[in-house]
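Me: I would like to go through a few local features of this model, one question at a time. Please state the cut-offs as the terms come up.

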Amino acid sequence: MTPNLRWVFLLAASTLFASSAASAQAQTMPSCTSAIRVRFDKYGMTQIPTGSIIWFTGVLKGVHTADGRAITSPVRIDVHQSRITFGIWPHTITMPDSTVVLDPAIRVPRRLWMSPQKLNVAYSPSAVSKEALFDALPYEAPQPFIPHSSGPATWTATFAASRPGITIDWAWSAAVYSQFGAVGTFQLKPLSGPIEQVDPQAGPPELYQNADPAGTAEAYKQFVIAGAMGSGAPQYTGKRSDTASVTACPTAGSPDRAELPAPTPQHVGEFRQFVAPSVRRSVIILLPANGQPFASPVAQRVTLADGSSAAAVRRCFAFDLCAQVTYTDGSQLSIYSEGAAYCAPYVLDFARTDGDRTIYNATRNVDHDPPGVLGCRRSRDTRIALDGGRSTLTVSENADGTLNFSFANP
């Protein structure tokens, strides 16, 4: 190609691209749909080879009312129709939907699970200022991505909230990995920066006591390489995009209170809370990636009087799934331990589900002894009648502060 023809070709291509970009920007989107566009060549010119994994993560950087006030009561945020498109690279990436509950009563992230189609998590509103993960997906590059010539990348998502007037600040990033694992093995870090360290004498070691950003897949960070929006370690998620703000649309049929849907057995927990008695505080540790809904080994499997099957664990930490009843019609009752710090009450959370449909949620306190000399209230045996009194669930406290669950027919 002669130099003159080359310049004509480049001018025509740039004109076409500018025209397409202007057309795209002119398209009308719902007010609660937000888009952030980045160019990977801004962060480096490393080509992403075929077969490499691009690790996409989206984070909340702030949630507040329309007039800028802090969130002081529970609110549920649903993110859907989330996708990543490219200017020239001929691929569209569909991100999982996600549900985020912000509740001032929550001290640490709780009950996160994910599948390729859904991610759910709950945070304290104040934690969001640290950057809080709301979406993530590994994507295997089907062909090379060449910065600059492959065009910009745009993440578009629609945000809804359980009450009107909620404004959300968000950003996203992408890093490249030479290898990655399946959903449930990521060991996702929920927030950016260090998270409280547990006393090694009190329980399992804290694996998030580091400066890694929210969305780091702790199990695979040794495989991060340069590319996309990162230059390799310690940029395990890549650098963040610019921040966008969007006012969420009201959720149709908003719940009376913000709550997470109950998980189904294929959902795998990624982190949970551990109560350290000797230091009297709560921290987060990783769940085993065993593909089971229970974090602890199931110690009991029994058939109840009405023919339902039940499973329970003997050591249940805060925010674990502790017991589950599967009824003859296929519906389930899942029982979680809503945690508390040393000597503070446990609360049991009951979630009755039928497939993806939540039938009801209910809570009740575990019975406690009166305060002692030091003012410490210990849990005592709590007996709950099931199925009209035909079966009984007994919950007792172990010496290490965990809960013991067991079913019996009277």
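Reply: A polar contact is a pair of N or O atoms within 3.5 Å; within protein, one must be able to donate a hydrogen and the other to accept it, and residues adjacent in sequence count only if both atoms are side-chain atoms. This is a predicted model, in which local features need pLDDT of at least 70 and side-chain atom pairs count only at pLDDT 80 or more, while totals for chains, interfaces and linings use all residues. Residues are numbered from 1 along each chain as its sequence is written, and side-chain values use heavy atoms, with hydrogens and water left out.

Me: Which residue has its backbone oxygen 2.6 Å from a polar atom of the side chain of Tyr177?

Reply: Tyr177 lies in strand 10 (residues 166-177), strands being DSSP runs of E with at least two residues, numbered from the N terminus. Beyond four places in sequence, its contacts (heavy atoms within 4.5 Å) include Trp55, Tyr220 and Tyr236. The backbone oxygen at 2.6 Å from the polar side-chain atom belongs to Tyr236.

Me: Is Tyr177 buried or exposed?

Reply: Buried means under 20% relative accessible area, exposed over 50%, and partly exposed in between, with a 1.4 Å probe and protein chains only. Because its relative accessibility is 0%, Tyr177 counts as buried.

Me: What is the phi of Ala228?

Reply: Ala228 lies in the loop between strand 11 (224-227) and strand 12, and is buried, with a relative accessible area of 5%. Although Ala228 is a residue other than glycine, its phi is positive, near 60°.

Technical notes:
Helices (H or I, at least four residues) and strands (E, at least two) are DSSP runs, numbered from the N terminus.
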